[in-house]
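Visitor: I'd like to learn how to read the features of this fold one by one. Where shall we start?

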Amino acid sequence: MPNPRYPLRINVGFLLNQPVGTSRDIHFDYTDLYLTADFHVSKIEGVARINRTSQGLLIDADFSAYHAAECVRCLEPIEQELHTRYQELFSFQYHPTTEPSLVIPEDGNIDLAPLTRDYLLLEAPIKALCKLDCKGLCTVCGEDLNSITCAHQSQVMVK
């Protein structure tokens, strides 16, 4: 069961002495979550399958969440759906080929929040749109062209 203070932290101590090939699925479902101070998501759900290997613990994760964004054309707030799948190996001890953050700590707690944040950010579009045919804002008066046709746009259409 995840810790409420660190919701994506998993204690994997129970798998360290298990035979190679042992696996366990951990399910996550939160309505509101700050993966870091600057990255907030809602309706995050997912599963992390932890597989015991001879080198360490292989994490197969699949997460989906919603992130508040702003349409680049009309500047309306939108809820952007993000989905990611990733696989990372947490090794038993540090090797020059392994990142220090991907080593199983002595207390046996692995925090998936930083990895999940990074992978979800990679899935976020650079230019978020509320809809594919968003008309944006009038370049003269700033009116939302999705809801009205301003006088400036009428002039542009006549020319």
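Guide: Keep in mind that this is a predicted model. Let's begin with charges over rings: the charged end of Arg9 sits over the ring of Tyr6, 3.8 Å from its centre.

Visitor: What sits over the ring of Tyr66?

Guide: That's the charged end of Lys43, placed 4.8 Å from the ring centre.

Visitor: Now the sheet. How do I read its strand order and pairing?

Guide: In general, strands of a sheet pair through backbone hydrogen bonds, either parallel or antiparallel. Here four strands make an open sheet in the order β2-β3-β4-β5, and the pairing is antiparallel. Its edges are β2 (23–36) and β5, each of which pairs on one side only. From one strand to the next, the twist averages 15°.

Visitor: How many bridges join β3 to β4?

Guide: Nine, linking strand β3 (residues 39–52) to β4 in an antiparallel run. To get your bearings, find Ile50: it stands opposite Ile59 in β4.

Visitor: And which strands does α1 touch?

Guide: Helix α1 packs on the sheet and touches β2, β3, β4 and β5. Its direction makes about 130° with that of β5.

Visitor: On to aromatics. How many aromatic pairs does the structure hold?

Guide: Three. Take Phe63 and Tyr86, a stacked pair at 6.5 Å centre to centre with 15° between the planes. This pair links distant parts of the chain, with Phe63 in strand β4 (residues 56–70) and Tyr86 in strand β5 (residues 77–91), 23 residues apart.

Visitor: Are those two residues buried or exposed?

Guide: The cut-off for buried is under 20% relative accessible area. Phe63 has 0%, so it is buried. Tyr86 has 5%, so it is buried too.

Visitor: Why is the pair of Tyr86 and Tyr119 called stacked?

Guide: Look at the angle: planes under 30 degrees apart count as stacked. The planes of Tyr86 and Tyr119 are at 5°, with ring centres 4.5 Å apart, so this pair is stacked. Tyr86 lies in strand β5 and Tyr119 in helix α1 (residues 113–123), so the pair ties together parts that are 33 residues apart in sequence.

Visitor: How accessible is Tyr119?

Guide: Its relative accessibility is 23%, so Tyr119 counts as partly exposed.

Visitor: Which residues form the aromatic cluster?

Guide: Phe28, Phe63, Tyr86 and Tyr119 form one cluster.

Terms used
Residues numbered from 1 in each chain as written. Predicted model: local features only at pLDDT ≥ 70, side-chain atom pairs only at ≥ 80, totals over all residues. Heavy atoms only, no water. Phe/Tyr/Trp six-rings, centres within 6.5 Å; stacked < 30°, edge-to-face > 60°. Helix = DSSP H or I, 4+ residues; strand = E, 2+ residues; numbered from the N terminus. Buried < 20%, exposed > 50% of the residue type's maximum accessible area, 1.4 Å probe, protein only. Lys NZ or Arg CZ within 6 Å of the ring centre and 35° of its normal. Pairing = 2+ DSSP bridges. Axes fitted to C-alpha atoms, helices over the stretch in contact; angles between N-to-C directions. Contact = heavy atoms within 4.5 Å.
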